[in-house]
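Here are some notes for a colleague who has not seen this structure before. Please read them with the model open.

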Amino acid sequence: MAVPVSKHELQIAIQTNYNTLLKEIISISSDSAMQKELEGHSKGTMMSINNLLAYLIGWGELVLKWNRKKDNNEPVDFPDTGYKWNELGKLAMKFYKDYEQDDFMTLQEKLDKTVREILTVIDKKSNNELYETTWYEKWTMGRMIQFNTASPYNNARGRIRKWKKQKE
């Protein structure tokens, strides 16, 4: 799928990539989802499917937080308070920890809720706000949302498919 360049394309990319990811997730058992058998987001680490969902939820929640702060004219710490762009592995580990008490079903529900909320944010924005105005450094809001939703959903699907093939 091409990189979205409009509000409509962004909505379709998120919905398509998320729905494709869901098709992979639904066939995973809760027990399998807890096993740390996937390559982690930090070099040399392993993660579980639960960790992967926590990662997607964490980034989705950041997208929502960035938008709330921007809408309220508050300063935004990108990527998050206490983290720099060169510390994304450390941020991934924070996401794993943030959601470590949640079971597989709860994580799926939280991810679904986060995706719906992001789509609601997008729906309320104009194409100009999303793609014709610089939002963070050289990036538009639409591109920043895409970097942290549609693209990671596609990446997560690939990780899960690879993991499933290894288990066959």
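**Notes on the predicted model**

1. Of the 168 residues in the protein chain, 47% count as buried. The model is a predicted one, and the values below are computed from it.

2. The protein chain holds eight helices and four strands. Following the sequence, their order is α-α-β-β-α-α-α-α-β-β-α-α.

3. How does the radius of gyration of the protein chain agree with that of a compact globule? A compact globule of 168 residues would have a value near 15 Å, and the protein chain has 16 Å, so the two agree. Along the principal axes, the C-alpha atoms occupy a box of roughly 45 × 35 × 25 Å.

4. Contacts in the protein chain were also sorted by sequence separation. Taking those between residues at least 6 apart in sequence, 65% join residues at least 24 apart.

5. The protein chain exposes about 9,200 Å², and 48% of this is supplied by carbon and sulfur atoms. As for charges, there are 26 positive and 23 negative ones, and their mean positions are 3 Å apart.

6. N148 sits in the loop between α7 (141-147) and α8 (150-167). Is N148 buried or exposed? N148 counts as buried because its relative accessibility is 8%, and the cut-off for buried is under 20%.

7. Which residues does N148 contact, leaving aside its neighbours within four places in sequence? They are W59, G60, V63 and W66.

Notes: Residues numbered from 1 in each chain as written. Predicted model: local features only at pLDDT ≥ 70, side-chain atom pairs only at ≥ 80, totals over all residues. Heavy atoms only, no water. Helix = DSSP H or I, 4+ residues; strand = E, 2+ residues; numbered from the N terminus. Buried < 20%, exposed > 50% of the residue type's maximum accessible area, 1.4 Å probe, protein only. Contact = heavy atoms within 4.5 Å. Rg over C-alpha atoms; globule rule 2.2 N^0.38 Å. Areas by Shrake-Rupley, 256 points an atom, 1.4 Å probe, with all protein chains shown as cover. Lys, Arg positive; Asp, Glu negative; His and termini not counted. Charge placed at Lys NZ, Arg CZ, Asp CG, Glu CD.
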